[in-house]
Amino acid sequence: MIKAGSTSAPLFFFDFNVFLPSPSSAQRTISVIGDAWTLRILRTVFRGRRRYSDFVSELGISRAVLTDRLGKLVANELLIRHAIEGGHPEYRLTERGLDLWPMFLAMWLWETEWGTGVMDDVPPVEQPRPMLMHTVCGHKMRPQLQCQHCSVVIQPFDTQAEAGPGYLHIEPGTQSMFRRASQSTLAEASAAQAHTLMRVIGDRWNSALLAAAFKGLKLFSEFEKDLRIGPNQLSDRLGELLNLGILRARSYTGARQEYRLTRKGVAMFPIVLEMMRWGDKWLWPATAPIVLRHKPCDHLLVGHWHCGHCKMQLSRNEIHLF
Ligand SMILES: [Zn+2]
Ligand SMILES: [Zn+2]
């Protein structure tokens with residue numbers, strides 16, 4: 001976890017000098033769930049709501065949008081529509097839908113630490129925040145994402161990207177080139193803003209940009225090429241991520257401008273990691289374009305969430321989250 005005050009922590013960014021023809025796993029995941037309403041509906045289902053009318057009343061969503069998103073969630077096999085005899089149908093999470101819980105956990109953690117915790121369906125700041133409790137040990141705790149092999153808590157700087165089985169057109173020697181960025185002078189995270197997380201993760205271009213930033217892309221032209229996004233749209237999105245304090249821009253002589261993650265942006269690493277994990281597992285198994293190696297133990301990175309108090313691995317039913 002990136003703690004406030006660790007401004008001198010070195011950042012490792014990797015340089016991909018080659019064009020990446022396949023979208024990252026995180027981008028693939030975003031294409032399925034990367035929509036603010038979709039995320040809100042899923043969160044509501046995780047909290048035990050199952051009926052159409054529940055979604056309408058809890059989310060204040062229009063029926064046209066709700067019908068559209070529920071249809072997509074069913075088509076993508078995240079939700080299953082259960083006909084109830086003599087009653088309204090219920091929407092339940094499938095196994096692949098349930099497996100999104102670690103991503104929602106990562107989002108929740110980011111929100112409590114970097115956002116204001118304000119989303120339309122979360123109590124405002126002045127109200128008591130929901131507690132996170134590990135029911136097995138009975139303690140209030142902060143979950144930690146640990147490496148399966150060495151149990152070290154995973155930090156963004158401790159991972160290194162490599163070509164995965166779905167990575168095409170590898171030019172020898174280029175895909176694993178890393179360079180150490182100059183000592184970070186990360187700007188203070190900007191004042192927390194309402195809806196930041198939803199704007200970042202719930203907008204497919206913003207989240208794709210975030211994933212690309214973690215991939216090491218820094219230049220306007222790199223984002224443009226990687227995301228196949230038009231220049232005007234890219235300008236808008238970069239501007240928004242700058243305003244939200246996720247990216248900062250730095251100009252160099254020669255008029256080249258680089259976009260880098262702020263600490264607030266770097267703190268989103270577990271969310272991106274969970275998007276990658278989920279996408280690799282459920283959408284395109286065995287064709288991950290990029291895999292991450294955990295530098296401390298040199299194994300391919302597999303992360304699991306553990307209780308920060310008793311260190312046991314967490315499972316979905318053992319935490320009070322939503
Ligand atoms: Zn490890
Ligand atoms: Zn515990």
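Tutor: Let's start with helix α2, whose buried residues are T38, L39, R40, I41, L42, R43 and V45. Buried means that 20 or more other C-beta atoms lie within 10 Å of the residue's own; with 12 or fewer it is exposed, and in between it is partly exposed, the C-beta atoms being placed from the backbone. Helices here are DSSP runs of H or I with at least four residues, strands are runs of E with at least two, and both are numbered from the N terminus.

Before we go on, a word on the model. It is a predicted one, where local features need pLDDT of at least 70 and side-chain atom pairs count only at pLDDT 80 or more, while totals for chains, interfaces and linings use all residues. Residues are numbered from 1 along each chain as its sequence is written, and chains are lettered from A and ligands numbered from 1 in the order in which they are written.

Back to our helix. Two packed helices are described by the angle between their axes and the distance between the axes. For α2 (residues 36-46) and α3 (residues 52-59), the axes come within 11 Å and cross at roughly 115 degrees. That makes α2 roughly perpendicular to α3, a label for angles of 65 to 115 degrees; under 35 counts as roughly parallel, over 145 as roughly antiparallel, and the rest as oblique. The axes are lines fitted to C-alpha atoms over the stretch in contact, with angles running from 0 to 180 degrees between N-to-C directions. The crossing of α2 and α3 is right-handed, so the near helix is turned clockwise from the far one by less than a right angle.

Who touches whom? On the α2 side you find R40, I41 and T44, and they meet F55, E58 and L59 of α3. Contact means that the C-beta atoms of two residues, placed from the backbone, lie within 7 Å. Sorted by type, the residues of this contact are three nonpolar, one polar and two charged. Just after α2 comes G48, with a positive phi of about 100 degrees.

Now zoom out. The chain holds twelve helices and 14 strands, and buried residues make up 37% of its 322 residues. Of the contacts between residues at least 6 apart in sequence, 72% join residues at least 24 apart.

Some of the strands form an open sheet: three of them, in the order β5-β4-β14, with antiparallel pairing. Its edge strands are β5 (139-140) and β14 (319-320), each pairing on one side only.

Most residues other than glycine have a negative phi. R228, however, has a positive phi near 50 degrees; it sits in the loop between α9 (220-227) and α10 (231-243) and is exposed, with 9 other C-beta atoms within 10 Å. D298 also has a positive phi, about 65 degrees, and its place is the loop between β11 (290-294) and β12 (299-300).

Last stop: L300, in strand β12. L300 is partly exposed, with 14 other C-beta atoms within 10 Å. Leaving aside neighbours within four places in sequence, L300 is in contact with V291 and R293.

Terms used:
Ala, Val, Leu, Ile, Met, Phe, Trp, Tyr, Cys and Pro count as nonpolar, Asp, Glu, Lys and Arg as charged, and the others, Gly among them, as polar. Two strands pair if DSSP finds at least two bridges between them.
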